[in-house]
Amino acid sequence: KFMLSQPNTLEDGLKILVAAAHSKVDLIVIDSVGAGVPEDVFNRALKETGKQGRIGLIAAKWSAFLPKFKSLIVKSNTAVIGIAQMRKNPGAMMGSGDTVQGGEAWKFYSALRIKLARIFQERSSRVNSLTHKVEQTSSGGKIKCKIEKCKVSSSQGSEQIFYIRWGEGIDNLRSLIEISIAHGLIKKGGSWLTWSSETGREIKTQGMEKMRHAFLTDEEAYDELQTRVLLLLQGIGLDSEGAAPPDLVDDDPFSLA
């Protein structure tokens with residue numbers, strides 16, 4: 001079940017968070033921790049709009065709320081994801097000068113902090129329905145994920161790359177192809193990509209988009225590619241010809257569904 005709540009004020013949102021935790025929901029997603037409007041700002045007269053309010057008001061409210069809320073979600077076994085955007089910190093004298101919304105309390109009470117940054121915007125050829133011409137348009141992004149803080153494993157500081165396609169979501173197939181190229185399962189020569197199945201069948205395309213399409217339209221080839229990549233990620237070696245052992249895993253984290 002899914003419930004969307006859009007409170008007018010930050011205080012109303014905090015009440016909803018407490019009610020959800022008391023109900024022992026599995027997951028709460030806050031989008032975003034810096035978007036809440038405090039009551040004194042929401043109720044401000046129109047003629048006062050734009051006047052400087054108390055600096056750090058949102059951060060102060062989160063700082064007072066989070067210690068109590070964390071003890072509550074520990075008892076209810078509720079996972080909480082807080083989304084925050086990066087902002088420039090004009091008072092920073094050193095470093096990048098970037099900070100996150102919501103104040104320092106979110107940094108302190110979080111068990112896991114992940115920083116996501118788009119490092120490259122990908123383009124592909126698509127038909128423009130208005131001009132009826134094939135044009136290069138933005139189709140997705142290359143995203144760098146960095147573990148800024150981790151209290152649940154030894155992953156702190158780790159970085160990885162994944163891909164997103166606009167309108168679709170995380171592109172697991174693209175990740176499978178990139179991992180295969182890195183391990184030599186897919187040969188890359190210039191713009192040409194070549195993949196050979198265990199049965200000797202070959203898929204050869206020019207460009208990443210055509211290779212993606214080839215696997216999307218060939219379920220058998222996709223399943224084999226996924227299995228071989230999963231074995232590599234689990235540290236299970238392939239034979240001298242790149243074939244997987246017959247006893248395959250059942251896990252399917254890269255399912256197209």
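A salt bridge is taken here as a side-chain nitrogen of Lys or Arg within 4 Å of a carboxyl oxygen of Asp or Glu. The model is a predicted one, in which local features need pLDDT of at least 70 and side-chain atom pairs count only at pLDDT 80 or more, while totals for chains, interfaces and linings use all residues. Residues are numbered from 1 along each chain as its sequence is written, and side-chain values use heavy atoms, with hydrogens and water left out.

**Exercise 1. Salt bridges**

Task: State how many salt bridges a search of the whole structure finds, and determine which residues form salt bridges with Arg165.

Solution. 

Step 1. Arg165 meets Glu168 through their side chains, at 3.7 Å from N to O. Arg165 also forms a salt bridge with Glu209, where the closest N and O atoms are 2.9 Å apart.

Step 2. Helices (H or I, at least four residues) and strands (E, at least two) are DSSP runs numbered from the N terminus. Because Arg165 belongs to strand 7 (residues 159-165) and Glu209 to helix 6, this pair ties together parts that are 44 residues apart in sequence.

Step 3. For accessibility, buried means under 20% relative accessible area, exposed means over 50%, and partly exposed lies in between (1.4 Å probe, protein chains only). Arg165 has 10% relative accessibility and therefore counts as buried. Glu168 is exposed at 59%, and Glu209 is partly exposed at 34%.

Step 4. Salt bridges that share partners also join Glu122, Arg174 and Glu178 into one network.

**Exercise 2. Two partners of helix 5**

Task: Describe how helix 5 packs against helix 6 and against helix 7.

Solution. 

Step 1. Axes are lines fitted to C-alpha atoms, for helices over the stretch in contact, and angles run from 0 to 180 degrees between N-to-C directions. Angles under 35 degrees count as roughly parallel, over 145 as roughly antiparallel, 65 to 115 as roughly perpendicular and the rest as oblique.

Step 2. Helix 5 (residues 172-182) and helix 6 (residues 208-216) pack at about 110°, with axes 10 Å apart. The two helices are therefore roughly perpendicular to each other.

Step 3. Contact means heavy atoms within 4.5 Å. Helix 5 contributes Leu173, Arg174, Ile177, Glu178 and Ile181 to the contact, and helix 6 contributes Met208, Met211, Arg212, Phe215 and Leu216.

Step 4. In the classification, Ala, Val, Leu, Ile, Met, Phe, Trp, Tyr, Cys and Pro count as nonpolar, Asp, Glu, Lys and Arg as charged, and the others, Gly among them, as polar. The contact of helix 5 with helix 6 comprises seven nonpolar, no polar and three charged residues.

Step 5. Helix 5 and helix 7 (residues 219-233) pack at about 60°, their axes being 10 Å apart. This pair is therefore oblique.

Step 6. Leu173, Leu176, Ile177, Ile179 and Ser180 of helix 5 meet Tyr222, Leu225, Gln226, Val229 and Leu233 of helix 7. By class, the contact of helix 5 with helix 7 has eight nonpolar, two polar and no charged residues.

**Exercise 3. Backbone geometry**

Task: Identify where the cis peptide bond lies and in which loops Asn77 and His132 are placed.

Solution. 

Step 1. Most residues other than glycine have a negative phi, and most peptide bonds are trans.

Step 2. The bond from Asp31 to Ser32 is cis, with omega near 0°. Ser32 is in the loop between strand 1 (27-31) and helix 2 (39-42).

Step 3. Asn77 has a positive phi, near 60°. Asn77 is in the loop between helix 3 (57-76) and strand 2 (79-83) and is exposed at 66% relative accessibility.

Step 4. His132 likewise has a positive phi, near 55°. The loop that holds His132 runs between strand 5 (112-128) and strand 6 (133-150), and His132 is exposed at 69%.
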